[in-house]
Amino acid sequence: MNQLAISFDLHKPEFTCLARRDDPQTSILAGRNAQKFAKSHAGRIMVALLMNGDLSPKQIAEVTGLTVVQIDRRRHEMKRDGLITVLDEIRHSCQVWRAL
């Protein structure tokens with residue numbers, strides 16, 4: 001499913017969400033909270049990496065209680081923000097992540 005960023009008022013970021021106009025109310029509310037969840041998940045991932053060293057998403061899931069899907073969704077933004085690097089090493093059929 002593709003999600004679109006919709007801003008109802010650029011001066012009020014709380015009204016910005018990742019949902020389509022025809023999505024049900026529950027999806028719209030989830031979209032509004034996506035950034036909160038993303039930061040929380042990224043924080044949990046960083047703590048896991050800093051405390052345990054290099055880990056695969058499956059290993060991160062075991063430490064944090066997040067799912068592998070939730071972890072993989074943070075990969076791009078965490079790389080972009082300079083928080084992690086992804087190594088060439090493979091564990092549990094996944095590339096290994098390293099905190100920077």
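I started with Ser56 and found it in the loop between helix 1 and helix 2. Helices here are DSSP runs of H or I with at least four residues, strands are E runs of at least two, and both are numbered from the N terminus. The model is predicted: local features need pLDDT of at least 70, side-chain atom pairs count only at pLDDT 80 or more, and totals for chains, interfaces and linings use all residues. Residues are numbered from 1 along each chain as its sequence is written, and side-chain values use heavy atoms, with hydrogens and water left out.

Is Ser56 buried or exposed? Ser56 counts as buried because its relative accessibility is 0% (buried is under 20% relative accessible area, exposed over 50%, partly exposed in between; 1.4 Å probe, protein chains only). I then listed its contacts (heavy atoms within 4.5 Å). Leaving aside neighbours within four places in sequence, Ser56 is in contact with Arg91, His92, Cys94, Gln95 and Val96.

Not counting residues up to four places away in sequence, Ile45 touches Ile60, Thr64, Leu66, Ile71, Arg74, Met78 and Trp97.

Arg74 counts as buried because its relative accessibility is 13%.
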